[in-house]
Amino acid sequence: MPGDAPSYPISNRLGKDVNILLPSQLKERVYAPLVVSFFLVAGISPALATTIDEDRTRGDIHGLFEIRDAAVKFIAAENLKNGTRWQVMQPNRKILVTKCAAPLRAAWVPKSHGLSGPNVAVSCAKTDNPAIQHKWEVFVPVSR
C-alpha cells in the first residue's frame with residue numbers, strides 16, 4: 001500500500017518468509033502506542049478509586065476526597081450562618097489536578113458563570129509543581 005513503511009523479508013529457521021522492520025520503522029510503530037497507553041492510564045488513574053472516599057491525595061495528584069471535604073466544610077459554615085440545608089454532591093470524577101501547596105479555599109461560584117445549578121468553587125492558589133499546573137479551581141455541585 002502507498003504510505004506503508006517498507007519491510008524486508010527474511011527466512012526463519014522453518015524456511016518461511018517473515019517480514020522485519022528497520023529500527024526507525026520499529027520505533028514509529030512502538031512509540032505511538034506507548035504514548036497513547038500512557039495518556040490512557042493517566043486519564044484512568046482517578047477512576048481506579050471506586051468511591052470519592054478512596055480518591056485521596058497521592059504523589060503529585062490532589063485527591064477529590066480533600067477537594068470535596070473543603071466544599072463540605074464551607075457548606076457546613078454557610079448552613080450554620082444562614083439556617084440553610086445545602087448538601088454537597090460529588091465533583092466530576094474525571095477531574096485530575098496537581099497537588100496543592102497552599103491551603104484550599106472554597107467560595108460560591110457566581111451565577112454569572114452560567115452553571116445549571118449552585119456550585120462551590122474549591123481553589124488552589126499555588127501547586128507543588130507549577131511546571132505542570134500553576135493553580136486550579138474545581139466546581140463541586142450542591143443541592144438543597
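Guide: Let's start with Asn119, which sits in strand 7, residues 119-124 (helices, H or I, of at least four residues and strands, E, of at least two are DSSP runs, numbered from the N terminus). Before going on: this is a predicted model, where local features need pLDDT of at least 70, side-chain atom pairs count only at pLDDT 80 or more, and totals for chains, interfaces and linings use all residues. Residues are numbered from 1 along each chain as its sequence is written, and side-chain values use heavy atoms, with hydrogens and water left out.

Asn119 counts as buried because its relative accessibility is 10% (buried is under 20% relative accessible area, exposed over 50%, partly exposed in between, with a 1.4 Å probe and protein chains only). Setting aside residues up to four places away in sequence, Asn119 touches Ala107, Trp108, Val109, Phe139, Val140, Pro141 and Val142 (a contact means heavy atoms within 4.5 Å). A polar atom of the Asn119 side chain also lies 2.9 Å from the backbone oxygen of Gly117. As for Ser143, it is 24 residues from Asn119 in sequence, but their C-alpha atoms are 8.5 Å apart in space.

That brings us to strand 8. Strands 7 and 8 run antiparallel, joined by 6 bridges (two strands pair if DSSP finds at least two bridges between them), and Val120 stands opposite Val140 in strand 8. Strand 4, residues 87-88, also pairs with strand 8 in the antiparallel sense, over 2 bridges; there, Gln87 has Ser143 as its bridge partner. Strand 8 has two faces: Trp136, Val138, Val140 and Val142 are on the covered one, while Glu137, Phe139, Pro141 and Ser143 are on the uncovered one.

Now for the core. The largest nonpolar core has 18 residues, and Ile67, Ile75, Val120, Val122, Trp136 and Val140 have the most contacts inside it (such a core is a set of buried Ala, Val, Leu, Ile, Met, Phe, Trp, Tyr and Cys residues joined through side-chain atoms within 4.5 Å). Helix 2 (64-82), strand 7 and strand 8 (136-143) each supply at least two residues of this core, with helix 2 giving the most, 6 residues. Take Ile67: leaving aside neighbours within four places in sequence, Ile67 is in contact with His62, Val97, Leu104, Val122, Trp136, Val138 and Val140. In soluble globular proteins, nonpolar side chains tend to be buried together.

Definitions and conventions: Polar contact = N/O pair within 3.5 Å; in protein donor to acceptor, adjacent residues only side chain to side chain.
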